[in-house]
Amino acid sequence: MASEFSRVFSAFDRDDDGKISAAELRLCMKAALGEDVSAEDADELVASADSDGDGLLDEEEFLKLVQLENEEEDRCRGLKEAFGMYEMKGEGCITPLSLKRMLSKLGLHQEIDECKAMICRFDLDGDGVLSFEEFKVMMDA
């Protein structure tokens, strides 16, 4: 596995200086994953794993970044599963009624007004329901 990451690191390290810059990261993410990453996002990704503060990723830091991204993907997958349990089927959001139903299945009997109040705390756009993004904010609180 380490040699696989070494090959990936070498492919990302376009100028063969033993470090990956944010610009190299952007180019390779576009080529390898088809993802357009903004310069700002690339800088943030590099900064998230840049242990020595040089603004570049060496191989060890790159491995750390890959591991951080994998952990975030796993966490997001788990949140999507949990969101799916609470959402109103076909609506793509958690409504007061769908929250009440799920809480009842868990043995927590809440009135609809209490469910509305729970949703209201994290309803960032004021539409009376929770989107997946709002659900993620709630789960991080």
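## Pockets of the predicted model

The second largest pocket holds about 160 Å³ of space, a pocket being an open set of points on a 1 Å grid over the protein atoms alone, where a 1.4 Å probe fits, with protein on both sides within 12 Å along at least five of seven lines; the volume is the space filled by probe spheres set on the points, which are joined across faces, edges and corners. α5 (96-105), α6 (112-122) and α7 (132-140) each give two or more residues to its lining, where lining residues have an atom within 4 Å of a point and helices are DSSP runs (H or I, at least four residues) numbered from the N terminus. Among the lining residues are Y86, I94, R121 and F135.

This is a predicted model, in which local features need pLDDT of at least 70 and side-chain atom pairs count only at pLDDT 80 or more, while totals for chains, interfaces and linings use all residues. Residues are numbered from 1 along each chain as its sequence is written, and side-chain values use heavy atoms, without hydrogens and water.

In the largest pocket, 18 residues form the lining, and M29, L33, L45, E69 and E73 lie nearest its centre.

The table counts Ala, Val, Leu, Ile, Met, Phe, Trp, Tyr, Cys and Pro as nonpolar, Asp, Glu, Lys and Arg as charged, and the others, Gly among them, as polar.

| Pocket | Volume | Lining by class |
|---|---|---|
| Largest | about 570 Å³ | 11 nonpolar, 2 polar, 5 charged residues |
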